[in-house]
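Dear colleague,

My notes on its salt bridges follow.

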Amino acid sequence: MIVEQYSSCAVEGRYACAYHGDVRINLRVKSFSRLYRMPRFSANISMLFGEVELPERFDAAARAGFKAVEIQFPYAFDKEMLAERARRAGVEVVLINLTAGDFSKGDRGIACLPDRVAEFRAAVGPGIEYAKALGCRQMNCLAGCPVRNF
């Protein structure tokens, strides 16, 4: 149901009612937030809060009002230390990227490159270890740019 189509809407306990003209429509809802879904945003702390080092960015994100963060490439830092910083700041790590090659050499992912399959496979294990340590349930895989004429 798209509530905006109705002239008014009210929530009474576990029920919501919407009016369309003289017709009242009753809905049983588990929570008000299910009826009106608000977007949830996470701070990409690899890009935001650059005035401090990555480990301090968890606190910066929390102070800015974020409840969740994502990290592009956490692998230069100890995973247990990052997990502790996230826990202490009270933010959830919701996304990390798998290793994507060497950005300084133009890599934007390696998953689609036939000559780098072994490198990609070797990166998956550490990615899973970091995700587990950080309590992160999602990982992003940058596929890369395919080689021309392949």
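A salt bridge here is a side-chain nitrogen of Lys or Arg within 4 Å of a carboxyl oxygen of Asp or Glu. By this criterion, a search of the whole structure finds five salt bridges. The model is predicted, so local features need pLDDT of at least 70 and side-chain atom pairs count only at pLDDT 80 or more, while totals for chains, interfaces and linings use all residues. Residues are numbered from 1 along each chain as its sequence is written, and side-chain values use heavy atoms, with hydrogens and water left out.

One of the bridges joins R85 and E56 (3.1 Å, N to O). R85 lies in helix α3 (residues 79–89) and E56 in helix α2 (residues 54–63), 29 residues apart; helices are DSSP runs of H or I, at least four residues, and strands runs of E, at least two, numbered from the N terminus. E56 is partly exposed at 32% relative accessible area (buried is under 20%, exposed over 50%, partly exposed in between; 1.4 Å probe, protein chains only).

Another bridge pairs K79 with E129 (4.0 Å, N to O). Because K79 belongs to helix α3 and E129 to helix α4, this pair ties together parts that are 50 residues apart in sequence. K79 is partly exposed, at 23%, as is E129, at 45%.

R116 sits in the loop between β6 (92–97) and α4 (117–134). Its side chain forms a salt bridge with that of D107 (3.0 Å, N to O). R116 is buried at 18%, and D107 is buried at 13%. Salt bridges with shared partners join D107, R116 and E119 into one network.

With kind regards
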